[in-house]
Amino acid sequence: MDRRVNGRIEHWNNPDAPAANSLVPASNLLVINRTGEILMQQRRDTGQWALPGGKQELGETPSQCAVRECEEETGILAEITGFLGVYSDPNHLIEYLSDGEVRQEYEVTYLGRPISGTPTANVEASAVHWVAPTALDAYDVHPTMRRQLDDYLTGRYPVAD
Amino acid sequence: MARIDWHDDPAAPPVNSLVPAAAAFVERDGKILLIQRSDNGKWSMPGGTMEAGESLTACVVRETLEETGIHIQCTGLVGVFTDPLHRVEYDNGEVRQQFAIVYRATYLAGEPTCSPESPRVEWVLNTGVLDLDMDPSQRVRFAWAIQRPDDVRIDPP
(Lines give C-alpha, C1' and ligand atoms only; values in the text may rest on other atoms or scores of the structure.)
Protein backbone atom coordinates (compact mmCIF):
# COMPACT_ATOMS: atom_id res chain seq x y z
CA MET A 1 0.00 0.00 0.00
CA ASP A 2 1.31 3.45 -0.74
CA ARG A 3 -0.05 6.94 -0.81
CA ARG A 4 1.53 9.75 -2.83
CA VAL A 5 0.84 13.35 -1.80
CA ASN A 6 2.81 16.56 -2.20
CA GLY A 7 6.19 15.00 -2.88
CA ARG A 8 5.80 12.50 -0.06
CA ILE A 9 4.93 8.83 -0.47
CA GLU A 10 3.92 6.78 2.52
CA HIS A 11 4.67 3.10 1.97
CA TRP A 12 3.25 0.41 4.18
CA ASN A 13 3.85 -3.30 3.58
CA ASN A 14 4.81 -2.48 0.00
CA PRO A 15 7.34 -5.02 -1.32
CA ASP A 16 8.34 -2.55 -4.07
CA ALA A 17 9.14 0.29 -1.67
CA PRO A 18 12.70 1.62 -1.73
CA ALA A 19 15.05 0.63 1.10
CA ALA A 20 15.12 2.84 4.18
CA ASN A 21 18.11 5.17 4.37
CA SER A 22 17.07 7.25 7.37
CA LEU A 23 15.98 6.67 10.95
CA VAL A 24 14.66 9.68 12.85
CA PRO A 25 13.19 9.55 16.36
CA ALA A 26 9.72 11.09 16.48
CA SER A 27 7.11 11.49 19.22
CA ASN A 28 3.30 11.58 19.17
CA LEU A 29 0.85 12.67 21.83
CA LEU A 30 -2.59 11.11 22.27
CA VAL A 31 -4.51 13.72 24.26
CA ILE A 32 -7.78 12.68 25.88
CA ASN A 33 -10.17 15.28 27.27
CA ARG A 34 -12.58 14.86 30.18
CA THR A 35 -15.32 13.47 27.94
CA GLY A 36 -13.01 10.88 26.43
CA GLU A 37 -12.51 12.62 23.09
CA ILE A 38 -9.15 12.39 21.32
CA LEU A 39 -7.30 15.37 19.88
CA MET A 40 -6.75 14.90 16.13
CA GLN A 41 -5.30 17.16 13.46
CA GLN A 42 -5.71 17.06 9.69
CA ARG A 43 -2.28 17.15 8.08
CA ARG A 44 -1.89 19.69 5.30
CA ASP A 45 0.69 17.50 3.53
CA THR A 46 -1.39 14.31 3.20
CA GLY A 47 -4.91 15.46 4.04
CA GLN A 48 -5.21 12.57 6.49
CA TRP A 49 -6.06 12.87 10.17
CA ALA A 50 -3.40 12.06 12.72
CA LEU A 51 -2.31 12.50 16.28
CA PRO A 52 -0.11 15.54 16.77
CA GLY A 53 3.56 14.67 16.67
CA GLY A 54 6.84 15.13 14.90
CA LYS A 55 10.57 14.83 14.82
CA GLN A 56 12.54 15.02 18.05
CA GLU A 57 15.04 17.86 18.10
CA LEU A 58 18.51 17.79 19.60
CA GLY A 59 18.46 18.89 23.24
CA GLU A 60 14.88 17.81 24.04
CA THR A 61 13.47 14.62 25.50
CA PRO A 62 10.90 12.62 23.54
CA SER A 63 8.13 13.72 25.93
CA GLN A 64 9.13 17.38 25.57
CA CYS A 65 9.00 16.83 21.81
CA ALA A 66 5.48 15.39 22.06
CA VAL A 67 4.22 18.34 24.12
CA ARG A 68 5.88 20.90 21.80
CA GLU A 69 4.58 19.32 18.61
CA CYS A 70 1.09 19.05 20.07
CA GLU A 71 0.99 22.73 20.92
CA GLU A 72 2.40 23.71 17.51
CA GLU A 73 -0.02 21.54 15.56
CA THR A 74 -3.23 21.91 17.58
CA GLY A 75 -3.03 25.00 19.81
CA ILE A 76 -3.53 22.76 22.84
CA LEU A 77 -1.01 22.76 25.68
CA ALA A 78 -1.07 19.29 27.22
CA GLU A 79 0.73 17.35 29.91
CA ILE A 80 1.98 13.78 29.76
CA THR A 81 0.00 11.25 31.78
CA GLY A 82 1.19 7.91 30.43
CA PHE A 83 2.90 5.91 27.76
CA LEU A 84 1.20 4.20 24.82
CA GLY A 85 4.15 2.57 23.13
CA VAL A 86 7.09 2.37 20.78
CA TYR A 87 6.17 1.96 17.12
CA SER A 88 9.03 0.91 14.85
CA ASP A 89 7.58 -1.04 11.94
CA PRO A 90 10.34 -1.42 9.32
CA ASN A 91 7.62 -1.87 6.68
CA HIS A 92 6.32 1.64 7.28
CA LEU A 93 8.42 4.04 5.22
CA ILE A 94 8.06 7.67 4.18
CA GLU A 95 9.75 8.58 0.91
CA TYR A 96 10.53 12.24 0.20
CA LEU A 97 10.83 12.79 -3.55
CA SER A 98 12.75 16.07 -3.24
CA ASP A 99 15.90 14.68 -1.65
CA GLY A 100 15.60 10.89 -1.84
CA GLU A 101 15.21 10.42 1.90
CA VAL A 102 13.40 7.17 2.76
CA ARG A 103 12.58 7.38 6.43
CA GLN A 104 11.67 4.34 8.49
CA GLU A 105 8.99 4.82 11.15
CA TYR A 106 10.25 5.24 14.68
CA GLU A 107 7.62 6.79 16.91
CA VAL A 108 7.27 7.00 20.68
CA THR A 109 3.66 7.77 21.60
CA TYR A 110 2.62 9.25 24.93
CA LEU A 111 -0.79 9.74 26.53
CA GLY A 112 -1.75 13.18 27.78
CA ARG A 113 -4.47 15.50 28.98
CA PRO A 114 -5.20 19.09 27.96
CA ILE A 115 -4.19 21.95 30.23
CA SER A 116 -5.13 25.00 28.17
CA GLY A 117 -5.81 26.32 24.69
CA THR A 118 -8.44 25.74 22.02
CA PRO A 119 -8.15 23.65 18.85
CA THR A 120 -6.65 25.97 16.25
CA ALA A 121 -5.74 25.30 12.61
CA ASN A 122 -2.24 26.36 11.67
CA VAL A 123 0.50 26.10 9.06
CA GLU A 124 0.80 22.32 9.54
CA ALA A 125 -2.81 21.39 10.30
CA SER A 126 -5.78 22.49 8.21
CA ALA A 127 -8.24 21.44 10.94
CA VAL A 128 -8.08 20.36 14.58
CA HIS A 129 -10.89 18.40 16.22
CA TRP A 130 -11.76 16.64 19.44
CA VAL A 131 -12.97 13.29 18.10
CA ALA A 132 -15.19 10.89 20.03
CA PRO A 133 -13.99 7.28 19.68
CA THR A 134 -17.35 6.35 18.11
CA ALA A 135 -16.82 9.00 15.43
CA LEU A 136 -13.31 7.89 14.42
CA ASP A 137 -14.47 5.74 11.52
CA ALA A 138 -15.70 8.86 9.71
CA TYR A 139 -12.14 10.24 9.65
CA ASP A 140 -9.53 9.31 7.05
CA VAL A 141 -6.69 7.97 9.20
CA HIS A 142 -3.62 6.10 7.93
CA PRO A 143 -3.69 2.45 9.08
CA THR A 144 -0.42 2.84 10.98
CA MET A 145 -1.92 5.73 12.96
CA ARG A 146 -5.24 3.93 13.37
CA ARG A 147 -3.31 1.06 14.95
CA GLN A 148 -2.04 3.41 17.67
CA LEU A 149 -5.57 4.72 18.31
CA ASP A 150 -6.92 1.18 18.50
CA ASP A 151 -4.18 0.13 20.92
CA TYR A 152 -5.31 2.94 23.21
CA LEU A 153 -9.04 2.29 22.80
CA THR A 154 -8.72 -1.43 23.47
CA GLY A 155 -6.34 -0.96 26.40
CA ARG A 156 -3.60 -3.04 24.74
CA TYR A 157 -0.65 -1.01 25.91
CA PRO A 158 2.15 -0.27 26.54
CA VAL A 159 3.13 -1.47 23.09
CA ALA A 160 6.70 -2.57 22.45
CA ASP A 161 7.23 -3.01 18.73
CA MET B 1 36.19 3.11 19.31
CA ALA B 2 36.69 5.05 22.54
CA ARG B 3 33.86 6.97 24.17
CA ILE B 4 33.57 9.72 26.75
CA ASP B 5 30.38 10.18 28.78
CA TRP B 6 29.64 13.83 29.57
CA HIS B 7 27.09 14.52 32.33
CA ASP B 8 25.63 18.02 32.64
CA ASP B 9 29.05 19.46 31.90
CA PRO B 10 29.35 22.95 30.42
CA ALA B 11 32.57 21.81 28.73
CA ALA B 12 30.75 19.08 26.80
CA PRO B 13 30.86 19.42 23.01
CA PRO B 14 27.56 20.27 21.27
CA VAL B 15 25.26 17.40 20.36
CA ASN B 16 25.20 16.47 16.68
CA SER B 17 23.42 13.12 16.74
CA LEU B 18 20.22 11.55 18.02
CA VAL B 19 19.66 7.91 17.11
CA PRO B 20 17.12 5.28 18.13
CA ALA B 21 18.75 2.84 20.53
CA ALA B 22 17.57 -0.01 22.71
CA ALA B 23 18.86 -2.10 25.59
CA ALA B 24 17.73 -5.31 27.25
CA PHE B 25 17.14 -6.11 30.92
CA VAL B 26 17.45 -9.89 30.76
CA GLU B 27 16.50 -11.77 33.90
CA ARG B 28 16.94 -15.49 34.51
CA ASP B 29 16.54 -17.21 37.90
CA GLY B 30 17.26 -14.03 39.86
CA LYS B 31 20.31 -13.12 37.80
CA ILE B 32 20.72 -10.30 35.29
CA LEU B 33 22.74 -10.40 32.08
CA LEU B 34 25.49 -7.77 31.99
CA ILE B 35 28.40 -6.94 29.76
CA GLN B 36 31.59 -5.10 30.50
CA ARG B 37 32.03 -2.63 27.65
CA SER B 38 35.30 -2.52 25.77
CA ASP B 39 34.89 1.20 24.97
CA ASN B 40 34.86 2.49 28.56
CA GLY B 41 35.49 -0.56 30.77
CA LYS B 42 32.18 -0.16 32.61
CA TRP B 43 29.31 -2.59 33.11
CA SER B 44 26.03 -2.16 31.25
CA MET B 45 23.02 -3.84 29.73
CA PRO B 46 23.52 -5.27 26.26
CA GLY B 47 22.07 -3.10 23.51
CA GLY B 48 22.82 -0.80 20.64
CA THR B 49 21.50 1.35 17.85
CA MET B 50 18.77 0.45 15.43
CA GLU B 51 19.55 -0.26 11.80
CA ALA B 52 17.35 0.50 8.82
CA GLY B 53 15.08 -2.42 8.01
CA GLU B 54 14.61 -3.75 11.55
CA SER B 55 12.17 -2.97 14.33
CA LEU B 56 13.46 -1.78 17.67
CA THR B 57 12.76 -5.14 19.30
CA ALA B 58 14.59 -6.90 16.47
CA CYS B 59 17.47 -4.48 17.14
CA VAL B 60 17.71 -5.36 20.83
CA VAL B 61 17.49 -9.10 20.16
CA ARG B 62 20.27 -8.82 17.56
CA GLU B 63 22.53 -6.62 19.70
CA THR B 64 22.14 -8.90 22.72
CA LEU B 65 23.08 -11.95 20.67
CA GLU B 66 26.10 -10.15 19.19
CA GLU B 67 27.33 -8.89 22.54
CA THR B 68 26.53 -11.84 24.80
CA GLY B 69 25.87 -14.99 22.75
CA ILE B 70 22.43 -15.16 24.40
CA HIS B 71 19.17 -15.44 22.49
CA ILE B 72 16.39 -13.46 24.16
CA GLN B 73 12.71 -12.66 23.72
CA CYS B 74 11.28 -9.26 24.63
CA THR B 75 8.39 -9.47 27.09
CA GLY B 76 7.68 -5.84 27.94
CA LEU B 77 9.06 -2.37 28.53
CA VAL B 78 11.19 -1.02 31.36
CA GLY B 79 10.76 2.41 29.87
CA VAL B 80 12.14 5.41 28.06
CA PHE B 81 15.52 6.62 29.29
CA THR B 82 16.82 9.88 28.01
CA ASP B 83 18.81 12.80 29.30
CA PRO B 84 19.65 15.63 26.92
CA LEU B 85 22.41 16.66 29.35
CA HIS B 86 24.10 13.28 28.97
CA ARG B 87 26.21 13.31 25.83
CA VAL B 88 28.35 10.51 24.52
CA GLU B 89 31.36 11.58 22.51
CA TYR B 90 33.02 9.09 20.16
CA ASP B 91 36.45 9.50 18.66
CA ASN B 92 34.97 9.81 15.15
CA GLY B 93 33.49 13.18 16.13
CA GLU B 94 29.97 11.98 16.83
CA VAL B 95 28.41 13.55 19.94
CA ARG B 96 25.24 11.64 20.67
CA GLN B 97 22.40 12.68 22.93
CA GLN B 98 21.64 9.75 25.23
CA PHE B 99 18.27 8.16 24.44
CA ALA B 100 17.30 4.51 24.77
CA ILE B 101 14.22 2.37 25.06
CA VAL B 102 14.85 -0.42 27.58
CA TYR B 103 13.01 -3.72 27.18
CA ARG B 104 12.36 -6.52 29.62
CA ALA B 105 13.43 -9.81 28.14
CA THR B 106 13.65 -13.47 28.99
CA TYR B 107 16.36 -15.98 28.24
CA LEU B 108 15.79 -18.39 25.37
CA ALA B 109 19.14 -20.09 24.69
CA GLY B 110 22.90 -19.73 24.58
CA GLU B 111 25.88 -19.35 26.91
CA PRO B 112 27.61 -16.08 27.83
CA THR B 113 30.13 -15.45 25.05
CA CYS B 114 32.50 -12.49 24.83
CA SER B 115 32.82 -10.25 21.78
CA PRO B 116 35.11 -7.40 20.72
CA GLU B 117 32.51 -4.99 22.16
CA SER B 118 32.09 -6.97 25.38
CA PRO B 119 35.25 -8.61 26.77
CA ARG B 120 33.25 -9.88 29.77
CA VAL B 121 29.70 -11.25 29.81
CA GLU B 122 28.18 -12.45 33.07
CA TRP B 123 24.97 -13.36 34.84
CA VAL B 124 25.01 -11.23 38.00
CA LEU B 125 22.78 -11.72 41.07
CA ASN B 126 20.22 -8.91 40.98
CA THR B 127 21.15 -7.90 44.54
CA GLY B 128 24.73 -7.21 43.39
CA VAL B 129 24.14 -5.41 40.10
CA LEU B 130 24.02 -1.88 41.51
CA ASP B 131 27.40 -2.38 43.24
CA LEU B 132 29.23 -2.74 39.93
CA ASP B 133 31.19 0.06 38.28
CA MET B 134 28.80 1.59 35.76
CA ASP B 135 27.86 4.89 34.17
CA PRO B 136 25.16 6.76 36.18
CA SER B 137 22.77 6.42 33.23
CA GLN B 138 23.06 2.64 33.43
CA ARG B 139 22.51 2.66 37.19
CA VAL B 140 19.21 4.52 36.68
CA ARG B 141 18.04 1.86 34.23
CA PHE B 142 19.00 -1.12 36.38
CA ALA B 143 17.54 0.45 39.52
CA TRP B 144 14.19 1.07 37.82
CA ALA B 145 14.08 -2.38 36.25
CA ILE B 146 14.86 -4.16 39.52
CA GLN B 147 12.85 -2.00 41.92
CA ARG B 148 9.76 -1.12 39.84
CA PRO B 149 8.92 -4.18 37.76
CA ASP B 150 5.30 -3.12 37.24
CA ASP B 151 5.86 0.49 36.12
CA VAL B 152 6.92 1.76 32.71
CA ARG B 153 9.36 4.60 33.17
CA ILE B 154 8.70 7.79 31.20
CA ASP B 155 11.37 10.40 30.68
CA PRO B 156 10.88 13.27 33.15
CA PRO B 157 9.08 16.35 31.75
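How many residues does the contact take from chain B and from chain A?

Reply: This is a predicted model. The contact takes 25 residues from chain B and 25 residues from chain A.

Start with the chain B side. Three elements of chain B each give two or more residues to the side that touches chain A: helix 1 (56-68), strand 6 (71-90) and strand 7 (95-109). Strand 6 of chain B gives the most, with 6 residues. By type, this side of chain B divides into 17 nonpolar, 6 polar and 2 charged residues.

Next comes the nonpolar core. In soluble globular proteins, nonpolar side chains tend to be buried together. Here the largest nonpolar core has 66 residues. Residues from both chains are among those with the most contacts inside it, including Leu29(A), Val102(B) and Tyr103(B). Take Tyr103(B) as an example.

Now turn to the partner, chain A. Its secondary structure comes to 2 helices and 13 strands. A compact globule of 161 residues would have a radius of gyration near 15 Å, and chain A agrees, with 15 Å. Buried residues make up 39% of chain A. Among contacts in chain A between residues at least 6 apart in sequence, 73% join residues at least 24 apart.

Helix 2 (residues 143-153) of chain A has these buried residues: Met145(A), Gln148(A), Leu149(A) and Tyr152(A). Seen down the helix axis, they fall within an arc of 95°, so they line one face of helix 2 of chain A. What covers them includes strand 4 (26-31), strand 8 (77-87) and strand 11 (107-116) of chain A.

Follow chain A past that helix. Gly155(A) follows helix 2 of chain A and has a positive phi, near 75°. A cis peptide bond then joins Tyr157(A) and Pro158(A), with omega about 5°. Pro158(A) lies in the loop between helix 2 and strand 13 (159-160) of chain A.

Finally, look at two loops of chain B. Asp8(B) sits in the loop between strand 1 (3-7) and strand 2 (21-28) of chain B. Its phi is positive, about 40°, although Asp8(B) is not a glycine. Asp8(B) is exposed, with 10 other C-beta atoms within 10 Å. Asp29(B) is in the loop between strand 2 and strand 3 (31-36) of chain B. Phi of Asp29(B) is also positive, near 50°. Asp29(B) is exposed, with 8 other C-beta atoms within 10 Å.

Notes
Residues numbered from 1 in each chain as written. Chains lettered and ligands numbered in written order. Predicted model: local features only at pLDDT ≥ 70, side-chain atom pairs only at ≥ 80, totals over all residues. Contact = placed C-beta atoms within 7 Å. Helix = DSSP H or I, 4+ residues; strand = E, 2+ residues; numbered from the N terminus. Nonpolar A, V, L, I, M, F, W, Y, C, P; charged D, E, K, R; others polar. Core = buried A, V, L, I, M, F, W, Y, C linked by C-beta atoms within 7 Å. Buried ≥ 20, exposed ≤ 12 C-beta atoms within 10 Å, placed from the backbone. Rg over C-alpha atoms; globule rule 2.2 N^0.38 Å. Arc of directions from axis to C-beta.
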